[in-house]
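Morning, everyone. I have one structure to show you, and I'll start with a single residue before moving out to the whole chain. Have a look.

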Amino acid sequence: MEINASAQSLLSQIREYQNKIEGSKIGSEISPVINNVSPVINEVEAPTFSSQLSKAFTGAINEVNNLQDISTFNNLVIVQSYIYIDENPSLLDITGFDSIEDIGQSLYIKDNLSLIDISGFSNLVTIEKDLNIRDNTSLTNIRGFNNLASIGDDFFLRDNTSLIDIIGFNSLESIVGNFKIEDNTSLQDISAFNNLVTFGGKLYIRDNSSLPAISGFNNLVTIEGISIQANYSLLDISGFNSSETILGALDIQGNYSLLDISGFSSLVTIGDTFYIINNSNLNKCNIDYLCNGSNLNIELSGNSEGC
């Protein structure tokens, strides 16, 4: 099949093939039909969906960029490889993937400087590898993952400097890898993770300078490790009420406004060290794990008197 360099022609042909595969998988079953898409498509710039689709129908929607509208994929159910939504300076929202239930590899949404809202993955249940949402500097809301139940590797929420709240992950039960919530300087609410039960990696909540409280994660019993650092507005950690075992280290450092760590009152075992360091206003550390004189793997320094 020949694909010419015209943006409108490309868009028309993609939609024609989309109609032919309605309700089908993207992947090897259909790749012979359109696997001659030329890589020079990567150079096309267009106001609507037209570029970065040289691998779209061979298993991945790869490095989609230069878009204003991304509503082309409403019939897709399964993507067998990656989705990259990357460097679309005019894209305001992501609304066109509402039928996708499974992504066979990773989903990356990054460097979309005008993106405000992600609401378009409402039926997505499984991401087999990573979910990476980062460097979307205008993003204020993530509310489009209400049915997402499992992430097969890492989950990164990083450097989304306008992000205020995360309310779209109420069904998420399992993260196999690490979970990083970092450098989201406007973030104020991360309470959407109370159904998270299985956690194979470490949790990092760091450098979210406006975050006042950590109140989610109440169903986590065992976790590899937790790092809560440099959240300068953080007042209390009242989540983690069910957490009994941390296999590695628990590190609470440099949260200068922190007053309360009562969320760790159920802790029984920490495999490595419990660090409570340089939380200059923290004067209450009266949780059982700290008050039990038999636990020697504790480092306390730079906190207020009483802790």
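Start at S174. Set aside the neighbours within four places in sequence, and S174 is in contact with A149, S150, I151, L196 and T198. So much for the partners. Where does S174 sit? In strand β15, which covers residues 174-175.

Is S174 buried or exposed? Buried. Its relative accessibility is 17%, and the cut-off for buried is under 20%, so S174 counts as buried.

One caution here. This is a predicted model. How confident is it? The chain has a mean pLDDT of 80. Of its residues, 76% reach 70 or more.

Two stretches need care. Over residues 1-11, pLDDT stays under 50. The model still has 23 contacts beyond four places in sequence for that stretch.

Now the whole chain. How many helices and strands? Three helices and 27 strands. The chain has 307 residues, and 49% of them count as buried.

On to the contacts across the chain. Take those between residues at least 6 apart in sequence: 50% of them join residues at least 24 apart.

Last, the surface. The accessible surface of the chain comes to about 12,300 Å². Carbon and sulfur atoms account for 42% of that.

To recap: S174 is a buried residue in strand β15, and its contacts include I151 and L196. Over to you.

Conventions
Residues are numbered from 1 along each chain as its sequence is written. This is a predicted model: local features need pLDDT of at least 70, side-chain atom pairs count only at pLDDT 80 or more; totals for chains, interfaces and linings use all residues. Side-chain values use heavy atoms; hydrogens and water are left out. Helices (H or I, at least four residues) and strands (E, at least two) are DSSP runs, numbered from the N terminus. Buried means under 20% relative accessible area, exposed over 50%, partly exposed in between (1.4 Å probe, protein chains only). Contact means heavy atoms within 4.5 Å. pLDDT is the predictor's confidence in each residue, from 0 to 100. Accessible areas come from the Shrake-Rupley method with a 1.4 Å probe; for residues, only the protein chains shown count as cover.
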